[in-house]
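Work through the exercises below with the structure open. Each task is followed by a solution in steps.

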Amino acid sequence: MSKSRRWITLILALIALLLLGRNLTSKDESSALSATKNQTSTYISMNSNTIIYNTEGALIYRITSDKITYFTVNKVSWFHNPAITTYDEHQVPNWSARADTARLSNDHMLYLYGHVEVNTLMHNSQLQFIKTDSARVSLISQNVTSNDKVIFFGRGFRSAGMKMCGNLKKKTAQLIGKVKTYYEIKNIHQQH
């Protein structure tokens, strides 16, 4: 056998092995995907209103949504078109949040996905609302984070950054990375 024939045979054998490996890998991925799709929910609730209390019996959250789907296997609830309201220690509503979907995990983390908007319900707050594509909220500590572009809208300003971290209870929020802020300066004319 000539050297060129050996090289061609070796290359064809490598191509055959690569295609065989790729075929086996794609079967594994598709079977994992179908297992997730075929997982049955424990229950589905339409037009739900979920109220969450702390250990002392004080209202801390209210979540309304068009639909909730709960999965026992991984202890996850999916909310469709959720609206979340948080309450302070005096049970006064202080923040509301909306998203396309939300996932509540067993460790009390709420993941918001798609057109996330967080609005203040406090009249004296300088920050009026926050927009981003996704956010994560701890229902225990009320820490909120986002690794997507975030825009803050406030009284007389607008700020944008690449990430955000904050705490709803402490009423703090910080933009991180490439932060740009625009201020509205009102022109006050004094009349004489």
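This is a predicted model: local features need pLDDT of at least 70, side-chain atom pairs count only at pLDDT 80 or more; totals for chains, interfaces and linings use all residues.

**Exercise 1.** Find the cavities of 30 Å³ or more and describe the lining of the largest cavity.

Solution. 
1. For the largest cavity the volume is about 100 Å³.
2. Its lining is made up of Tyr 61, Ile 84, Thr 86, Trp 95, Ser 96, Ala 97, Leu 110, Leu 112, Val 118, Val 137, Val 144 and Leu 168.
3. Strand 4 (83–87), strand 5 (93–98) and strand 7 (109–120) are the elements that give two or more residues to this lining.
4. Sorted by type, the lining residues of the largest cavity are ten nonpolar, two polar and no charged.

**Exercise 2.** Describe the second largest cavity by volume and lining.

Solution. 
1. The second largest cavity has a volume of about 60 Å³.
2. The residues lining the second largest cavity include Trp 95, Val 118, Val 144 and Leu 168, and these four also line the largest cavity.
3. By type the lining of the second largest cavity has seven nonpolar residues, two polar and one charged.

**Exercise 3.** Is Val 137 buried or exposed, and which residues does Val 137 touch?

Solution. 
1. Val 137 belongs to strand 8 (residues 127–138).
2. The relative accessible area of Val 137 is 8%, so Val 137 is buried, the limit being under 20%.
3. Leaving out residues up to four places away in sequence, Val 137 touches His 108, Met 109, Leu 110, Leu 112, Asn 143, Val 144 and Leu 168.
4. Of these, Leu 110, Leu 112, Val 144 and Leu 168 line the largest cavity along with Val 137.
5. Leu 168 is 31 residues from Val 137 in sequence, with 9.0 Å between their C-alpha atoms.

**Exercise 4.** How many aromatic pairs are there, and why does the pair of Phe 129 and Phe 153 count as stacked?

Solution. 
1. The count is two aromatic pairs.
2. The ring centres of Phe 129 and Phe 153 are 4.5 Å apart and the planes meet at 20°, so this pair is stacked.
3. Phe 129 lies in strand 8 and Phe 153 in strand 10 (residues 150–154), so the pair links distant parts of the chain, 24 residues apart.
4. Phe 129 is partly exposed at 23% relative accessible area, and Phe 153 is partly exposed at 21%.

Key:
Residues are numbered from 1 along each chain as its sequence is written. Side-chain values use heavy atoms; hydrogens and water are left out. Helices (H or I, at least four residues) and strands (E, at least two) are DSSP runs, numbered from the N terminus. Buried means under 20% relative accessible area, exposed over 50%, partly exposed in between (1.4 Å probe, protein chains only). Contact means heavy atoms within 4.5 Å. Rings of Phe, Tyr and Trp (its six-membered ring) pair if their centres lie within 6.5 Å; planes under 30 degrees apart count as stacked, over 60 as edge-to-face and the rest as tilted. On a 1 Å grid over the protein atoms alone, a cavity is a set of points where a 1.4 Å probe fits but cannot get out, and a pocket is an open set with protein on both sides within 12 Å along at least five of seven lines; lining residues have an atom within 4 Å of a point. Grid points are joined across faces, edges and corners, and a volume is the space filled by probe spheres set on the points. Ala, Val, Leu, Ile, Met, Phe, Trp, Tyr, Cys and Pro count as nonpolar, Asp, Glu, Lys and Arg as charged, and the others, Gly among them, as polar.
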